[in-house]
Amino acid sequence: MRGLSGAELQAALLAKFHRHGWSERPLEVIGQAAPASVAAFRFHAASSLARDLAPWPAGRVTALGDAVHATPPTAGMGAGAAIRDAASLLTHLCEVAAGTTTLTVAISQFAAGMRVRGSEVLTLARKTVRWILATDTALGAAVTAVATPVIAAGSRLKRQR
């Protein structure tokens, strides 16, 4: 499907998803989309190794969220990770305002914690991508259709304990 866009990509997606047994509702959503709005892109996630994230020295400027640990869009975790980063940065900056630490130390501590959190988020996000790729076959779709209700029931039972 590389190189396709618009109506051609839309038709190819509908055909592929139909062959793989997708239910009618998602197919309707794809079919109802304006053909000019249908596009594909290749996404590269950041490294999931904490040491690779935010490898710059602490200073007056820092980054958070996808600027440091970009997650695949299929994971649905990017905004949550950015909010957690922002909350952590705010906590560290409050310590500076209270006079209990310096800006450089606060940013260093923030970055260290963010690298650990970012690594965890990316590891989880990649599991989602691996699941998507593993179920992108006729057998995978069938196993998913059978296993999902069982997994959901087990999860509900676990929460009730």
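The radius of gyration I will quote is taken over C-alpha atoms, and the globule rule beside it is 2.2 Å times the number of residues to the power 0.38. With that in hand, please keep in mind throughout that what you see above is a predicted model. By that rule a compact globule of 161 residues would have a radius of gyration near 15 Å, whereas this chain has 21 Å. The box that the C-alpha atoms fill, taken along the principal axes, is roughly 60 × 45 × 25 Å.

Turning to the secondary structure, the chain comes to five helices and zero strands, and the pattern read along the sequence is accordingly α-α-α-α-α. As for the contacts, if we take those between residues at least 6 apart in sequence, 60% of them join residues at least 24 apart. Buried residues make up 25% of the 161 residues, and the chain exposes about 10,600 Å², of which carbon and sulfur atoms supply 63%. On the charged side chains, there are 17 positive and 9 negative ones, and the centres of these two sets lie 7 Å apart.

Let me now go to particular places, starting with the aromatic rings. A pair of aromatic rings is described by the distance of the centres and the angle of the planes. Rings count as a pair if their centres lie within 6.5 Å, and as stacked if their planes are under 30 degrees apart. By this rule the count comes to one aromatic pair, and that pair is formed by Phe-17 and Trp-22, whose rings are 4.0 Å apart centre to centre with 10° between the planes, so that the pair is classed as stacked. The two partners can also be described by their accessibility: Phe-17 has a relative accessible area of 16% and is buried because the cut-off for that class is under 20%, while Trp-22, at 40%, is partly exposed.

From the C-alpha atom of Gly-76 to that of Arg-51, 25 residues apart along the chain, the separation is 23 Å.

Finally, let us move to helix H5, which spans residues 138–160 and contains Ala-145. Ala-145 is exposed, having a relative accessible area of 54%, and its C-alpha atom is separated by 9.9 Å from that of Thr-135, ten residues apart along the chain.

Notes
Residues are numbered from 1 along each chain as its sequence is written. This is a predicted model: local features need pLDDT of at least 70, side-chain atom pairs count only at pLDDT 80 or more; totals for chains, interfaces and linings use all residues. Side-chain values use heavy atoms; hydrogens and water are left out. Rings of Phe, Tyr and Trp (its six-membered ring) pair if their centres lie within 6.5 Å; planes under 30 degrees apart count as stacked, over 60 as edge-to-face and the rest as tilted. Buried means under 20% relative accessible area, exposed over 50%, partly exposed in between (1.4 Å probe, protein chains only). Helices (H or I, at least four residues) and strands (E, at least two) are DSSP runs, numbered from the N terminus. Contact means heavy atoms within 4.5 Å. Accessible areas come from the Shrake-Rupley method with a 1.4 Å probe; for residues, only the protein chains shown count as cover. Lys and Arg count as positive and Asp and Glu as negative; His and the chain ends are not counted. The place of a charge is taken as NZ of Lys, CZ of Arg, CG of Asp or CD of Glu.
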